[in-house]
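Hello,

Here is the structure I promised to pass on. Have a look at it first, and then read my notes below.

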Amino acid sequence: QGRLVESGGDSVQAGGSLRLSCTASGYPDSRKCMGWFRQAPGKEREAVAAIATADGRTYYGASVKGRFTISQDNAKTTVYLQMNTLKPEDTATYYCAIQAPSQYCSNAYLSGRGNSWGQGTQVTVSS
């Protein structure tokens, strides 16, 4: 049984930065799609960023492109989301999600279908 452990959520002022981490355990295959989704109260869940651990290809949601960067460690078990120039509209619960084994990040993954999820970490950005 796989497990995802997230950390890094916090409260920050607009314009600030945060880094989220997500470590996967119990997924022996190094080929994974891992990434982050977020959901704010009253809003639909949206894909924020994802990375295919096999080749490092990345995906970013339109609202975060240019501000957020996803990366992985050499062991391909931890992904990081560096969030810069944070805005109040980035306020949400951020969930780590994984599909494994997976050579790439599929449309199904980006739609949230078939993913395994972490417990979520709160990011609050105040103006």
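**What I found**

Along the sequence, the chain runs β-β-β-β-β-β-β-β-β-α-β-β, where helices (H or I, at least four residues) and strands (E, at least two) are DSSP runs numbered from the N terminus. That comes to 1 helix and 11 strands. Please keep in mind that this is a predicted model, in which local features need pLDDT of at least 70, side-chain atom pairs count only at pLDDT 80 or more, and totals for chains, interfaces and linings use all residues. Residues are numbered from 1 along each chain as its sequence is written, and side-chain values use heavy atoms, leaving out hydrogens and water.

Of the 127 residues in the chain, 43% are buried (under 20% relative accessible area, with exposed over 50% and partly exposed in between; 1.4 Å probe, protein chains only).

The search of the whole structure turned up 2 disulfides (pairs of cysteine sulfur atoms within 2.5 Å). Cys22 and Cys96 form one, with their sulfur atoms 2.0 Å apart. Cys22 lies in strand S3 and Cys96 in strand S9, so the pair ties together parts that are 74 residues apart in sequence. The link is left-handed, with -80° about the S-S bond, and both Cys22 and Cys96 are buried.

Cys33 and Cys105 form a disulfide too, their sulfur atoms 2.1 Å apart. Here the torsion about the S-S bond is about 105°, so this disulfide is right-handed. Cys33 is buried at 0% relative accessibility, and Cys105 is buried with 18%.

Best wishes
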